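Please look at the sequence and the fold together before reading on. The explanation moves from the whole chain to single residues.

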Amino acid sequence: MKNVIKLRMLAAVALVSFAFTSNAFAQLPTDNENVYVSLELQGVLDLTLVTNPNLDFVFSTIPQYQNGITKTNATELRVEATVAWDLTVNAETAIWENFETYSSAGSTAILSDIIGVRAIDAAGNSLIDGGGVANTYFSLTGTDQLPIIGDVTGTVDAGDAPGVPGSYLTSPDTHQFRVDYRLSPGLDTYTAGYYGINLVYTLAEDL
């Protein structure tokens with residue numbers, strides 16, 4: 001009889017232990033919510049002119065007319081881009097605008113090609129025409145674009161060397177430039193007076 005009671009007690013203990021074990025591993029059903037993440041990557045082409053946009057060249061001596069006037073470090077440009085890029089410069093018009101004349105001699109139709117430009121990166125490399133002699137100034141022709149980095153805007157040319165994605169903040173040697181100017185109108189070609197012309201620097205995605 002004692003053995004029967006002992007067996008019943010063992011069975012009861014086993015049932016209680018199983019119940020506690022089952023409760024310990026029991027879980028509520030899971031619940032879920034979804035969050036949809038979208039991504040938009042917008043291309044960046046940012047050209048910043050750091051220096052004064054107005055440049056004054058005053059010719060008042062014979063040597064200036066004969067030799068021209070040079071202004072170095074007159075323009076500083078900074079580039080930020082997420083794509084390969086081209087940088088060009090051109091005159092907005094082929095002829096300078098005449099605002100006032102001081103004489104009747106000569107012609108007021110001053111051509112844009114009296115402007116010579118030289119571009120140098122922050123590492124000291126001459127850039128126009130694939131480098132070359134650092135002291136070379138390249139004349140603007142009409143309203144044609146003069147490539148500084150890469151090729152003419154909109155031209156597909158696998159042989160050019162475009163700028164690489166980056167920023168002047170982290171890659172100043174390749175994304176920061178200074179431009180020098182040399183104006184040479186000649187001694188007796190044009191009418192004395194006050195003139196102006198707009199130069200356009202264009203940063204565009206390389207094709």
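This is a predicted model: local features need pLDDT of at least 70, side-chain atom pairs count only at pLDDT 80 or more; totals for chains, interfaces and linings use all residues.

Residues are numbered from 1 along each chain as its sequence is written, and side-chain values use heavy atoms, with hydrogens and water left out.

The protein chain contains 3 helices and 11 strands; helices (H or I, at least four residues) and strands (E, at least two) are DSSP runs, numbered from the N terminus. Read from the N terminus, their order is α-β-α-β-β-β-β-β-β-β-α-β-β-β. Of the 207 residues in the protein chain, 28% count as buried. Here buried means under 20% relative accessible area, exposed means over 50%, and partly exposed lies in between, with a 1.4 Å probe and protein chains only. A contact means heavy atoms within 4.5 Å. Among contacts in the protein chain with a separation of 6 or more, 76% are between residues 24 or more positions apart.

How are strands held beside one another in a sheet? They pair through backbone hydrogen bonds, either parallel or antiparallel. In this analysis two strands pair if DSSP finds at least two bridges between them. An open sheet is formed here by 3 strands in the order 7-3-11, with antiparallel pairing. Strand 7 and strand 11 are the edge strands, each pairing on one side only. From one strand to the next, the twist averages 30 degrees; the axes behind such angles are lines fitted to C-alpha atoms, for helices over the stretch in contact, and angles run from 0 to 180 degrees between N-to-C directions. Strand 3 and strand 7 are joined by 3 bridges, and Leu87 has Ile149 in strand 7 as its bridge partner.

The next topic is the core. A nonpolar core is a set of buried Ala, Val, Leu, Ile, Met, Phe, Trp, Tyr and Cys residues joined through side-chain atoms within 4.5 Å. The largest one has 31 residues, and those with the most contacts inside it are Trp85, Ile115, Val117, Ile148 and Tyr181. Elements that give two or more residues to this core include strand 3 (85-91), strand 5 (115-121) and strand 9 (176-183). The largest share, 5 residues, comes from strand 2.

A search of the whole structure finds 3 aromatic pairs. Rings of Phe, Tyr and Trp (its six-membered ring) pair if their centres lie within 6.5 Å; planes under 30 degrees apart count as stacked, over 60 as edge-to-face and the rest as tilted. Phe59 and Tyr65 form a tilted pair, because their planes stand at 45 degrees, with the ring centres 5.6 Å apart. Phe59 is buried at 18% relative accessible area, whereas Tyr65, at 25%, is partly exposed. Trp85 and Phe177 form an edge-to-face pair, 6.1 Å centre to centre and with 65 degrees between the planes. Since Trp85 lies in strand 3 and Phe177 in strand 9, this pair ties together parts that are 92 residues apart in sequence. Trp85 is buried, with a relative accessible area of 0%, and Phe177 is buried at 3%.

Finally, Ser112 is found in the loop between strand 4 (97-101) and strand 5. Ser112 is buried, because its relative accessible area is 1%. Not counting residues up to four places away in sequence, Ser112 touches several residues, among them Ala91, Trp96, Leu140 and Ile197.
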